[in-house]
Amino acid sequence: GKMVQPAKIAEPHSMPVTIFCIREGIRQLRAVVARKRAARPLWRGVKNVTVGSDFFRDGGGVEVAPMSTSYSLETAVQYSMSPCSVIFKLVRSSFMEQGADLDWLSAFPMEEECLFPPLTFLSATGRRQTIGSFTIVEVAPRL
């Protein structure tokens, strides 16, 4: 499988205006997030990847695309089912680290989706655990 990339971005994004508009839209949408959900962890399941030592050595990595997460661990597990799976547990310490809840407009509201903007940095906390084919990695999102 592929490896989760460390925090290095060598070149500017090829669509900076589009990325800016998506980022700003998500920032505005997150204002409607209920405070009660902010304390719950978010989960992101990725299939057929591994997390290398570079990810931890470099302090994390950058997701260059919009990043879909879920309040449901079950949903993340379903999306990551493969022989080599990574599940990111996103822990947030403030409202400023929150994505935008999309379950109110989703075709699949039971997935409890929360969307983060492109170029979200996933700061590695150093906590990880392997259970079977799943590696669970705790990260803190930095917008």
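Colleague: Which residue takes a positive phi in the hairpin of β9 and β10?

Modeller: G132 does, near 60°, and the hairpin has two residues between its strands. The model is predicted: local features need pLDDT of at least 70, side-chain atom pairs count only at pLDDT 80 or more, and totals for chains, interfaces and linings use all residues. Residues are numbered from 1 along each chain as its sequence is written, and side-chain values use heavy atoms, with hydrogens and water left out.

Colleague: How many bridges join β9 and β10?

Modeller: Two strands pair if DSSP finds at least two bridges between them. Strands (E, at least two residues) and helices (H or I, at least four) are DSSP runs numbered from the N terminus. β9 and β10 share eight bridges, antiparallel. I131 stands opposite F134 in β10. β9 also pairs with β4 (residues 60-63), antiparallel, over four bridges. There, G61 has L122 of β9 as its bridge partner.

Colleague: Which residues of helix α1 are buried?

Modeller: Buried means under 20% relative accessible area, exposed over 50%, partly exposed in between (1.4 Å probe, protein chains only). In α1, I19, R23 and I26 are buried. They cover an arc of only 70° around the axis, so they sit on the same side of α1. The arc is taken from the directions from the helix axis to the C-beta atoms. V17, F20 and Q28 are exposed on the other side.

Colleague: What do the buried residues of α1 pack against?

Modeller: Contact means heavy atoms within 4.5 Å. The buried residues of α1 pack against β7 (100-101), β8 and β9.
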